[in-house]
Amino acid sequence: MNNIILVTGATSGFGKAIAEKFASQGWNCIITGRRKERLDELAENLAAKYPVKILPLHFDVQKREDVFNQVQAITAEWQNIDILVNNAGLAAGRDSFEDASIDDWDTMIDTNVKGLLYMSKAVLPYFIAKGRGHIINIGSTAGKEVYTNGNVYCASKFAVDAISKAQRIDLLPHKIKVTAIHPGEAETEFSLVRFKGDKAKAKAVYDGFEPLQPGDIADTVYYCATLPPHVCVNDLVITCLAQANSYYTYKG
Ligand code: NDP
Ligand code: 8X3
């Protein structure tokens with residue numbers, strides 16, 4: 001029987017690359033996101049390319065009832081989940097505290113923090129029933145150091161860091177691994193979303209250096225997910241060569 005991974009935010013960027021990586025290695029995948037067309041297209045492509053099953057679930061992680069309804073409705077065959085990757089997330093805006101939009105703050109907290117909590121809580125009964133599981137939370141270097149105009153995005157990723165540490169402790173009796181992966185700047189749709197469709201602004205973020213690519217994060221998730229049962233990577237910061245941390249990216 002194939003292993004099963006559930007990846008949130010699989011319509012783009014890291015999530016899409018993670019689904020592709022695991023499918024290519026024979027894992028059945030539950031993929032989620034709000035953009036149904038993209039989700040269905042990915043499901044069709046992966047199922048055509050690899051000998052695996054793909055279950056697309058279309059919902060918004062901010063909506064508590066939808067999260068629980070969707071996760072609780074999956075059939076017994078799919079409930080045998082081995083890994084949950086809490087990847088869905090975003091930055092909305094990059095403005096000074098006094099200028100930042102409160103709606104943007106709500107969106108980031110509701111998605112990056114509350115969405116991750118809802119998903120974890122919804123999947124946990126399946127892990128507890130089988131006596132093992134692995135939660136992989138995608139944080140950020142923004143959750144390690146606060147940078148100029150990063151305010152609430154950074155706060156949401158500091159929360160991911162704290163929640164990961166809390167889950168690691170509290171879920172030990174259930175033999176559930178918890179891994180937080182904190183990437184630095186990576187070329188996905190992240191900046192396009194952050195700058196609300198402004199392509200020039202989004203592209204400028206990656207000028208002058210070679211950023212991480214989605215496949216780099218997919219490979220890292222796969223590595224953490226396939227270690228022996230007694231080994232758990234707890235906290236992993238990963239950046240491109242040019243980036244030392246949230247403040248220092250060499251563009252020489
Ligand atoms: P993308 O914008 O390419 O992908 C984000 C994914 O999250 C999409 O699939 C999107 O799907 C999904 N998503 C966003 N909001 C929701 C929601 N409310 N409900 C369900 N799904 C949602 O960005 P990345 O791949 O870069 O981002 C993935 C994660 O990595 C995020 O948590 C981000 O904060 C983090 N990260 C990104 C870095 C980067 O530089 N790129 C660096 C460090 C961390 P849809 O819109 O279809 O719902
Ligand atoms: C995304 C990376 O540097 O924009 O989390 O915060 S950064």
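Is Arg 35 buried or exposed, or does it fall in between? Select Arg 35 and you'll find a residue that is partly exposed, with a relative accessible area of 39%. (Buried means under 20% relative accessible area, exposed over 50%, and partly exposed in between, using a 1.4 Å probe and protein chains only.)

Before moving on, some ground rules. This is a predicted model, where local features need pLDDT of at least 70 and side-chain atom pairs count only at pLDDT 80 or more, while totals for chains, interfaces and linings use all residues. Residues are numbered from 1 along each chain as its sequence is written, chains are lettered from A and ligands numbered from 1 in the order in which they are written, and side-chain values use heavy atoms, with hydrogens and water left out.

**Stop 1**

(A salt bridge here is a side-chain nitrogen of Lys or Arg within 4 Å of a carboxyl oxygen of Asp or Glu.) Glu 189 is partly exposed at 26% relative accessibility. Arg 35 sits in the loop between β2 and α2, and Glu 189 in the loop between β6 (176-183) and α7 (190-194), so the pair ties together parts that are 154 residues apart in sequence. (Helices, H or I with at least four residues, and strands, E with at least two, are DSSP runs numbered from the N terminus.)

**Stop 2**

The structure holds 14 salt bridges. For another one, pick Lys 114 and Asp 110, whose closest N and O atoms are 3.6 Å apart. Both belong to helix α5 (residues 102-130), and being 4 residues apart there, they are separated by about one helical turn. Lys 114 is partly exposed at 34%, and Asp 110 is partly exposed too, at 23%.

Next, show Asp 207 and Lys 203, which meet in a salt bridge at 3.6 Å, N to O. Asp 207 is partly exposed, with a relative accessible area of 37%, whereas Lys 203 is exposed at 57%. Then select Lys 144, Asp 161, Lys 165 and Asp 235: salt bridges that share partners join these four into one network.

**Stop 2: ligand 1**

Now centre on ligand 1. It is surrounded by 30 residues, and the closest are Thr 11, Ser 12, Arg 34, Tyr 153 and Thr 188. The side chain of Thr 11 has an N or O atom 2.7 Å from an oxygen atom of ligand 1. A polar backbone atom of Gly 9 is 3.0 Å from a ligand 1 oxygen, and one of Gly 89 is 3.5 Å from a ligand 1 oxygen. Taken alone, ligand 1 exposes 880 Å², and the protein buries 96% of that. (Accessible areas come from the Shrake-Rupley method with a 1.4 Å probe; for residues, only the protein chains shown count as cover.)

**Stop 3: ligand 2**

Which residues surround ligand 2? Select Ser 140, Ala 142, Tyr 147, Tyr 153, Glu 185, Phe 190 and Arg 194. A side-chain N or O atom of Ser 140 is 2.5 Å from an oxygen atom of ligand 2. Tyr 147 places a polar side-chain atom 2.6 Å from a ligand 2 oxygen, and for the side chain of Arg 194 the distance is 3.3 Å. On its own, ligand 2 has 240 Å² of accessible area, of which the protein covers 88%.

**Stop 4**

Zoom in on Ile 5. Beyond its neighbours within four places in sequence, Ile 5 is in contact (heavy atoms within 4.5 Å) with residues including Ile 18, Phe 22, Trp 27, Asn 28 and Val 85.

**Stop 5: Asn 28**

End on Asn 28, in strand β2. Asn 28 counts as buried, at 10% relative accessibility. Leaving out residues up to four places away in sequence, Asn 28 touches Asn 2, Asn 3, Ile 4, Ile 5, Val 52, Lys 53 and Trp 78.

Terms used: Near = heavy atom within 4 Å. Polar contact = N/O pair within 3.5 Å; in protein donor to acceptor, adjacent residues only side chain to side chain.
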